[in-house]
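Here's a friendly walk through the model you're about to see. Take a look at it first, then read on.

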Amino acid sequence: MKPSLAPIICLSLIFSSIAAAQNPEKKSYSAVSVTKAPEIDGVLDDEAWQNGNWVGEFIQHEPFNGAPTFQKTEFNILFDEDNLYVAIKALDTSPDSIVSRLTRRDQLDGDMVGVAIDSYHDLRTAFMFSVSAGGVKFDQMLTENGDNEDESWDPNWWVKTSINEEGWVAEMKIPFSQLRFAKNANSVWGLEVLRQIFRKDEVDFWQHIPKDSPGVVHQFGEMSGVESIQPKKIFDITPYGVAKAESYEAEPGNPFADGKDAKLSAGVDAKIGVTNNLTLDLSINPDFGQVEADPSEVNLSAYETFFEEKRPFFIEGANITNFGIGIGDGGVGNDNLFYSRRIGRRPTMYPSLESNEYARVPQFTSILGATKLTGKTSNGLSIGFIESVTAREMAEIDNDGKRKMETVEPLTNYFVGRVQKDFNKGNTIVGGMVTGTHRDLDDYTENNFHKSAYSGGIDFTKFWNDKAWMFNVNTAFSQVNGTEQAIEATQRSSVRYFQRPDNDYVNYDSTRTSLFGSGGRLQLLRQKGHWTAIAVLLWKTPGFELNDIGYLRQADQLFSLEWVQYRVWEPKKFYRNYSLSADHYRVWDFGGNHLGDGLEANADMSFKNFWYMNIGTNLNLNGISNNMLRGGPRMKAPGSADARIFVQTDQRKKIYFNASTSLSRGFDESSDSWRINSGMTWKPINTLSLSVNPGYNASFNELQYVTLKNYQNADRYIFGSIDQKTVSASLRVSLNITPDLTLQYWGQPFVATGKYRDFKYISAPMASSYEDRFVNYSGDQIKFVDDDIRIDENKDGAVDYDFGKPDFNVQEFLSNFVVRWEYSPGSSVYLVWNQTRSGFISNGNLDVTGNLGDLFSEKPYNIFLVKFSYRFGL
């Protein structure tokens, strides 16, 4: 498998290990000052390049770490008062074999060269500027010694490339305003220069970095000659204008849905250097119409879906405002004090309408303005502050021509503050974070939102024994305030379920007007040779609440994890590298109840034919669930076992494939699931890429929550067996006319069905035997009338309770077409077309062609958008 650039440059602490040998000797390079700058045209015929210092002697990093390189590489670095100039000669004895492909920015494909600069010289932070042979930029900010990489960082710089009979060259101009350093702070900067030879899947470094190095930036070589450089403050102002038109199916009688809408808007983005090291980002009335839509899904769980952030303002520098209290990817791994998708979300409320009323409700909450102050001082203090205000959103309601307004989202202020300080060359790190959310509530909203919410935390990280050991602790607190009704809703939410009748270790109080909680994470990491081991303890008290500005999946939890990995990175026999890992976890609640145990094992291998394979298995033992009855008593839950495999062919080829499948089986035949996904990417020419990734999932769950009913003054938790099927695909076409002019289409057909049967109620949730925990309704107890299910539990001929048929068939086809032209660094034009087709049938039957055919028989919801921006750089 072709390695991505992030793992090449950033060897994370989790997946690295400490070298037994001494660190390699650091190389030195001296940059040369020039009075006449070279012309950036990709041809190194300027006099300046003849006078500079050309050096080479690169060393192979992958696949044979420390071995001689397949081809020679040389570089030269110059500077004047305003810019750094870098030239790299990627010499090649077979220039016709150089792979030169065009992609969008930060999506490199083909041969590549780059330079990484530690201008702070703090041995922890670096700015990387890379380019492909096709001239596509890839820029990245590395922090925490390379453990975190921010690919969303898009500085303004210039680069040109060309292929010649000796290989290919890259010529760069990097303004000092895009770097961060203090005046006369250091006599040297950290420096690394790298190259990737795509056809060999080889990565070469100027400064050798052992593959088992615990971090990257501290291993960089050094660049002198920069003592006289004066730092430059960035000052970029980028106004923009947006024209948007919408078309959709008109709704007779609805005055708000005549089938078309149009809107003009404008705003300003700014990036201002407050000091040499701190940058202030401003955005007034931001627009993110060019951002791709979230993928379709059907969520039958009690938990909120976590969506990835895609808006540029919030993803750039996101690592600075990160304060995680989870571990791993997904699920508990998403828990964080700051979840930027809260800002500008869909309005939470919806007006209650009479039969003759119509409403116009905003699709998203408008962001009136946002500011962000980020950077790192010369003494190792990292700073990240975000302040944002979102508008009060109103639903306009029409009743036979009479109009009224009703609040669906209050005026809200969000604040995030984060600081961290490095000590002892980055071996000791101390930091803290605070967040605040304040809302201006009215009669419609005061019982549905917290008036205010605060969270904060302190983190401490210590490395010792040459970074062979790492200890980290993140501790956090939260407090939310509001009316009795608002705080009662928080206590009853799916995050904690205080109202559970057997929840005897918390105080469920309907008269509360505030709720306090705490949480945190302890980690101990040991790295030695090929081995890495980590032990983790997470805790979140029952009252812990982050979901005003952060993300918390579940409170009232103690979670422990032990994980070990063995890695081999030197190619031998039939493989290039492989790794084996295993972990064990246990979960408790704060009442001391042991909720569950699990085991996991994974193995992955890259082969010498550049194929890749991963296999894994999980075993979740029988446990106890505090949320299965969604506010009812705890219930014993059957465990499950699953296995999975993923295979991918050689990504260097013009056409390559991947396929994966997983199988899960619940104990006591309580559930089963089978999932299969595949993918194909075809690059017929160097400027065009087409990919399709279809998937199919079929699952059965005997205990799927349906509803809660009352019978003879007792709660009846109604469940059903569900057969669920999902068919989806992701279609993507990218045409890159130049490195700065791209066309991209993304489409997703999606059909998900759920058919319920064997309805039942929970009778003895803690019974030892699985079958004794529920009772199936007999044929003379249950009756189906149209879309209504009626229950005569005591068989007296009268309906005791009823509920709607829960079967579903959800269909969607999402499309997004974007033309992007960056006609000058920081200035761009977007042409965007978004289309949404959606439908719903309550029969639960899967008919892919028929369902998608129904979607295309009706008029879709279209959005056409033109966005123009121009950067004024001072």
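This is a predicted model: local features need pLDDT of at least 70, side-chain atom pairs count only at pLDDT 80 or more; totals for chains, interfaces and linings use all residues.

## Surface and charges

Residues are numbered from 1 along each chain as its sequence is written, and side-chain values use heavy atoms, with hydrogens and water left out.

As for charge, the protein has 87 positive and 112 negative ones, and their mean positions sit 3 Å apart. Lys and Arg count as positive, Asp and Glu as negative, while His and the chain ends are not counted; each charge is placed at NZ of Lys, CZ of Arg, CG of Asp or CD of Glu.

## Overall build

You'll find 5 helices and 48 strands here (DSSP runs: H or I of at least four residues for helices, E of at least two for strands, numbered from the N terminus). Along its principal axes, the C-alpha trace spans about 100 × 65 × 50 Å.

Of the 874 residues, 54% are buried, that is, under 20% relative accessible area with a 1.4 Å probe, counting protein chains only.

## A look at V86

V86 is part of strand β5, which covers residues 83-91. At 1% relative accessibility, V86 counts as buried.

Beyond its neighbours within four places in sequence, V86 is in contact (heavy atoms within 4.5 Å) with W49, N76, I77, V115, A170, E171, M172 and I174.

Definitions and conventions. Buried means under 20% relative accessible area, exposed over 50%, partly exposed in between (1.4 Å probe, protein chains only).
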